[in-house]
Amino acid sequence: MIEQIGIVGAGTMGNGIAQVCAAAGLPVVMTDISDAALTRGMLVVSNSLERLVNKQKMTDADRQAALARITTTTDTAKFSTCDLVIEAATENEELKVKILKDLCPKLRPQALLATNTSSISITKLAAATDRPDRFIGMHFFNPVPLMALLELIRGLQTSDDTHAKAADFAKRIGKVAITAKNSPGFAVNRILCPMINEAIFALQEGLATAEDIDAGMKLGCNHPIGPLALADMIGLDTMLSVMEVFYQGFNDPKYRPAPLLKEMVAAGHLGRKTGQGFYSYGK
């Protein structure tokens with residue numbers, strides 16, 4: 001049974017995963033490179049849980065209990081008692097490989113290891129570990145506490161037992177799991193990110209304004225949020241990284257990142273997190 005969770009990274013995805021695990025009754029150890037990053041991550045969790053209390057979706061006692069289940073540390077040696085460790089660092093292959101290699105000697109031999117990558121090869125990341133059969137992709141969606149989906153991705157080496165335990169874990173934390181094979185973007189982002197990239201091409205070509213593109217997709221296709229607003233939420237740097245993985249992985253020009261996307265990232269206009277993307281956010 002998976003009873004204790006380790007999470008690498010206290011950013012948007014890491015603290016969201018920590019929150020849902022703690023709210024489901026699982027003790028969590030969350031690490032990051034600095035105490036300041038951990039403090040910011042815990043503040044996000046606390047505020048998120050407070051909103052649930054205000055909406056009467058959680059009692060204050062449950063909120064306090066969930067917060068008490070999360071331990072923060074900069075020392076990854078604290079993962080030694082964890083049954084599952086989830087890497088949720090920045091979408092950068094070189095960084096993820098380094099983190100995974102550093103983690104392995106600190107984990108119990110039977111512990112499962114997962115990555116929250118949205119595009120990088122699970123098979124390739126698994127090969128960087130000492131437990132490729134116990135390695136799996138767990139692609140959570142942002143914002144983690146609100147999004148029901150958990151995409152499980154099997155590498156070539158992932159065992160049936162590992163997949164089964166990951167599926168049970170998904171149920172335990174209240175997520176609905178789908179399973180995809182290892183391929184750039186897996187299932188969801190393989191469809192979603194090229195659509196967003198095409199919306200950026202449409203804006204770049206002056207086909208319509210950002211507002212009209214987003215309104216068209218919301219009202220004409222029943223999407224809850226337009227593709228350009230969604231890109232701002234995801235982060236344009238993350239979008240560019242994903243499209244570059246697609247372009248290189250498939251060697252197909254249909255996946256080339258829109259030049260406007262590259263320009264926006266070069267300008268530091270990364271979306272909501274910087275206050276400026278395809279829309280302004282008043283920061």
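1. Pro143 sits in the loop that runs between strand E6 (135-140) and strand E7 (149-154), where strands (at least two residues) and helices (at least four) are DSSP runs numbered from the N terminus. The peptide bond that leads from Asn142 to Pro143 is cis, with omega near 0 degrees.

2. This is a predicted model, in which local features need pLDDT of at least 70 and side-chain atom pairs count only at pLDDT 80 or more, while totals for chains, interfaces and linings use all residues. Residues are numbered from 1 along each chain as its sequence is written, and side-chain values use heavy atoms, with hydrogens and water left out.

3. The domain assignment, which is automatic or taken from a database, gives domain 1 (5-181) and domain 2 (193-274). Four residues of domain 1 and five residues of domain 2 make the contact, meaning heavy atoms within 4.5 Å.

4. Between domain 1 and domain 2 about 380 Å² is buried, with 66% of that area given by carbon and sulfur atoms; buried area is the accessible area (1.4 Å probe) that two parts lose on being put together, summed over both. Glu91, Ser119 and Asn142 supply 76% of the area that domain 1 buries against domain 2, more than any other three residues.

5. Phe186 counts as buried because its relative accessibility is 5%, whereas Asn222, at 70%, counts as exposed; the limits are under 20% for buried and over 50% for exposed, with partly exposed in between (1.4 Å probe, protein chains only).
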